Amino acid sequence: ANDLLALRVVLDDSPRDEWQISPANRPHSRCLEVRDLAASLWDEQGFRDYIAAPKPNGYCSLHMQMRLPSGSNLEVQVRTRRMHEEAETGSAAHALYKQTAMHEAAQRGGWATTAPIYVQAS
């Protein structure tokens with residue numbers, strides 16, 4: 001809740017034919033691979049798997065709390081593009097809540113920003 005830094009990793013969805021020949025949990029496996037990468041870089045302090053056990057509103061994502069070498073906390077979220085779209089615009093969306101919270105923070109003289117960074121794997 002007191003996270004100062006956050007990183008959201010949104011993976012491209014698998015091609016349709018890969019979905020047909022791969023196990024049903026392939027998107028979950030790909031997200032867990034990113035978790036393993038993050039854990040190789042930073043000390044994992046906590047983990048929640050909302051893909052294996054989605055929230056009641058359908059929200060799916062991996063959440064990790066990491067400790068950086070500086071001692072700062074980093075919240076890492078990992079999901080596929082489909083999961084991201086559902087989280088941002090579907091039944092799991094809380095975009096209105098986020099917009100309201102950012103507006104209220106600005107009104108109080110605080111600040112809140114988001115800066116998406118897209119990385120394409122080669």
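A charge is said to sit over a ring if NZ of Lys or CZ of Arg is within 6 Å of the ring centre and within 35 degrees of the ring normal. By this rule, R35 lies over the face of F47, at 3.5 Å from the ring centre. A second case is K55, whose charged end sits over the ring of Y50, 4.8 Å from its centre.

The model described here is predicted, so local features need pLDDT of at least 70 and side-chain atom pairs count only at pLDDT 80 or more, while totals for chains, interfaces and linings use all residues. Residues are numbered from 1 along each chain as its sequence is written, and side-chain values use heavy atoms, with hydrogens and water left out.

The overall layout comes next. The protein has four helices and four strands, where helices (H or I, at least four residues) and strands (E, at least two) are DSSP runs, numbered from the N terminus. Read from the N terminus on, the elements follow the order β-α-α-β-β-β-α-α. Of the 122 residues, 27% count as buried; buried means under 20% relative accessible area, exposed over 50%, and partly exposed in between, with a 1.4 Å probe and protein chains only. With contact meaning heavy atoms within 4.5 Å, 45% of the contacts between residues at least 6 apart in sequence join residues at least 24 apart.

What lies inside? A nonpolar core is a set of buried Ala, Val, Leu, Ile, Met, Phe, Trp, Tyr and Cys residues joined through side-chain atoms within 4.5 Å. In soluble globular proteins, nonpolar side chains tend to be buried together. The largest such core here has 14 residues, of which C31, I51, L62, M64, M66, V76 and V78 touch the most other members. Helix α2 (26-41) and the strands β3 (62-67) and β4 (73-80) each supply at least two residues of this core. Residues up to four places away in sequence aside, C31 touches L11, I51, L62, V78, R79 and T80.

Rings of Phe, Tyr and Trp (its six-membered ring) pair if their centres lie within 6.5 Å, with planes under 30 degrees apart counted as stacked, over 60 as edge-to-face and the rest as tilted. The count comes to one aromatic pair. The ring centres of Y50 and Y59 are 5.9 Å apart and the planes stand at 65 degrees, so this pair is edge-to-face. Both Y50 and Y59 are buried.

H63 counts as buried because its relative accessibility is 11%.
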